[in-house]
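Here are some friendly notes to read alongside the model. Please have the two chains open while you go through the points.

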Amino acid sequence: MKRRWNWALWLGFIFVAAGFITYPFFVLFPVTRDFPWANLLLFGTGGILLVLGLARAFGRPQVYHGKIFGPILAVLTLLAFTLFGYGVFYELRQMPASAGAPRVGEKAPEFSLPDQNGKPVALADLLSGSRGAVLIFYRGHW
Amino acid sequence: MRSFQQRLPEFEARGIRVVGISVDPPDVNERQSQKLGYTFPLLSDPNAKVIRRYDVLHPGAGPKGADIARPAEFLLDSNGIIHWVNLTGNIAVRARPEQVLEALN
């Protein structure tokens, strides 16, 4: 009897790969960036399908393919998930303490910096005639 | 920053100015403003002098180990007194405009 194609393995791996490579897309939206649930959902779905595929490949090898590709895809999945977890749950959280940053109730340090047209903008300019200001420090585009 | 641009009218209605500060030079900021349609100023601090003064430097986190700013947001009142501050523990998680608007109320 011809053995059947083990689709669960491949579909599972496609989900895992999608969970990994869609990170730059989902990071664009605060809802999926603050906690990467969309990526984790893809990883989880892929993982379940892979386990199903592996169970078929090793449980019923006379019916299903996948005894060779199954373990290879499973190892690749573990690598992708480890790398993702390290990046998102460790690397992104390596932040300086900023213990000396001005605190609530303190006066914000004065500054004058050029804007995108090269025109100097001082904190005093931002505050004159306004009711306050939001300073957003960001990593930049380089 | 995109979300702050989207909600900018609400800040303007409350008389609050919004500015971005990074190590990017003015020409990069000009390009970014054009590309993303920012109408609030992007200020340039290439030597991270002001970034250091606010202790929001992330040493070596930029390209080729350059010092850059970490994400941080300060809300000041009209006297320059800090009213609200957000120092994130995760580079990917930054203040949302609604948090700042809420701090204003």
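1. A word on terms before the folds: helices (H or I, at least four residues) and strands (E, at least two) are DSSP runs, numbered from the N terminus. Read along the sequence, chain B then gives α-α-β-α-β-α-β-β-β-β-α, which comes to 5 helices and 6 strands.

2. On provenance and numbering: this is a predicted model, in which local features need pLDDT of at least 70, side-chain atom pairs count only at pLDDT 80 or more, and totals for chains, interfaces and linings use all residues. Residues are numbered from 1 along each chain as its sequence is written, while chains are lettered from A and ligands numbered from 1 in the order in which they are written.

3. Chain A has 6 helices and 3 strands. Its pattern along the sequence is α-α-α-α-α-β-β-α-β.

4. Along the principal axes, the C-alpha atoms of chain A fill a box of roughly 85 × 30 × 25 Å.

5. The box for the C-alpha atoms of chain B is roughly 40 × 30 × 25 Å along the principal axes.

6. How much of each chain is buried? A residue counts as buried if 20 or more other C-beta atoms, placed from the backbone, lie within 10 Å of its own. In chain A, 29% of the 142 residues are buried; in chain B, 36% of the 105 residues are.

7. Two residues are in contact if their C-beta atoms, placed from the backbone, lie within 7 Å. Among contacts in chain A between residues at least 6 apart in sequence, those joining residues at least 24 apart make up 56%. For chain B, residues 24 or more positions apart account for 31% of the contacts with a separation of 6 or more.

8. Please look at the interface too: 43 residues of chain A are in contact with 62 residues of chain B. Strand E1 (residues 16–22) of chain B gives the largest share of chain B's side, 7 residues.

9. Strand E3 (residues 132–137) of chain A and strand E5 (residues 72–77) of chain B run antiparallel, joined by 6 bridges. Within this pairing, Ala133(A) stands opposite Leu76(B).

Technical notes
Buried ≥ 20, exposed ≤ 12 C-beta atoms within 10 Å, placed from the backbone. Pairing = 2+ DSSP bridges.
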